[in-house]
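These are notes for a colleague who is opening this entry for the first time. Please read them with the sequence and the model side by side.

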Amino acid sequence: MVTDDEVIEWYSDRFNKPVLFSKKQVPVTLDTSLSTGRYVWASEAGAEIMGEYFQRFNVDPDGFTFEKYWPEETFILFALCTCGGDDDEPQPLTLRMLAESARAGKWLYD
């Protein structure tokens, strides 16, 4: 059975690199979100992380909706010219969600 610590360790080892111009890593907990908050991954990095996650922990990705966590980015000029826009806000994708889905062997949240 996959533990919370295994998921945190995998993420920390593979993706939690020191912040630019600093030698410090961001603290990682089960509530760390990859798609919202202070340290958000770009969609390209999110795709790489999730692809590796599904393979590493043998999680069935059926039902995982990438766009829920990394909505399509709007062209900046269009965004400035529209009133209020209806851009979807990304939903939090936390390490807790990854750990719980890894234990279940399938994606639990979409």
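1. Start with aspartate 31, which is exposed because its relative accessibility of 52% is over the 50% cut-off. The model is a predicted one, and the points below should be read with that in mind.

2. Aspartate 31 takes part in a salt bridge with arginine 96, where the closest N and O atoms are 2.9 Å apart. This pair connects distant parts of the chain: arginine 96 belongs to helix H5, aspartate 31 to the loop between H1 and H2, and 65 residues separate them. Arginine 96 has a relative accessible area of 33% and is therefore partly exposed.

3. How many salt bridges does the count come to? The total is four salt bridges. Another of them joins the side chains of aspartate 4 and arginine 103, at 2.8 Å from N to O. Because aspartate 4 is in helix H1 and arginine 103 in helix H5, this bridge ties together parts that lie 99 residues apart in sequence. Aspartate 4 is partly exposed at a relative accessible area of 26%, and arginine 103 is partly exposed as well, at 34% relative accessibility.

4. A further salt bridge is formed by arginine 14 and glutamate 52, with 2.7 Å between the closest N and O atoms. Here too, distant parts of the chain are linked: arginine 14 sits in helix H1 and glutamate 52 in helix H2, 38 residues apart. Arginine 14 counts as partly exposed, with 40% relative accessibility.

5. On the overall layout, the chain has five helices and zero strands. Read from the N terminus, its elements follow the order α-α-α-α-α. Of the 110 residues in the chain, 35% are buried.

6. Which residues have the most contacts inside the largest nonpolar core? They are Met50, Tyr53, Leu93, Leu98 and Trp107, in a core of 26 residues. At least two residues of this core come from each of H1, helix H2 (43-56), helix H3 (66-69) and helix H5 (95-104). As general background, nonpolar side chains tend to be buried together in soluble globular proteins.

7. Some nonpolar residues are found on the surface instead: Val19, Leu20, Phe21 and Tyr39 form a patch there, with about 490 Å² of accessible area together. Phenylalanine 21 is located in the loop between H1 and H2. Is phenylalanine 21 buried or exposed? Its relative accessibility is 82%, so phenylalanine 21 counts as exposed.

8. The surface also carries a negative patch, made up of Asp5, Glu6, Glu9 and Asp13. One of these residues, glutamate 9, lies in helix H1, which spans residues 4-15.

9. Glutamate 100 is a residue of helix H5. With a relative accessibility of 30%, glutamate 100 counts as partly exposed. How far apart are glutamate 100 and valine 7 in sequence and in space? They are separated by 93 residues along the sequence, while their C-alpha atoms are 9.6 Å apart.

10. To recap the contacts between helices, H1 is linked to H5 through aspartate 4 and arginine 103.

How values were computed
Residues numbered from 1 in each chain as written. Predicted model: local features only at pLDDT ≥ 70, side-chain atom pairs only at ≥ 80, totals over all residues. Heavy atoms only, no water. Patch = residues over 30% accessible without salt bridge, like charges linked within 9 Å, V, L, I, M, F, W, Y side chains within 5 Å. Areas by Shrake-Rupley, 256 points an atom, 1.4 Å probe, with all protein chains shown as cover. Lys, Arg positive; Asp, Glu negative; His and termini not counted. Charge placed at Lys NZ, Arg CZ, Asp CG, Glu CD. Helix = DSSP H or I, 4+ residues; strand = E, 2+ residues; numbered from the N terminus. Core = buried A, V, L, I, M, F, W, Y, C linked by side-chain atoms within 4.5 Å. Buried < 20%, exposed > 50% of the residue type's maximum accessible area, 1.4 Å probe, protein only.
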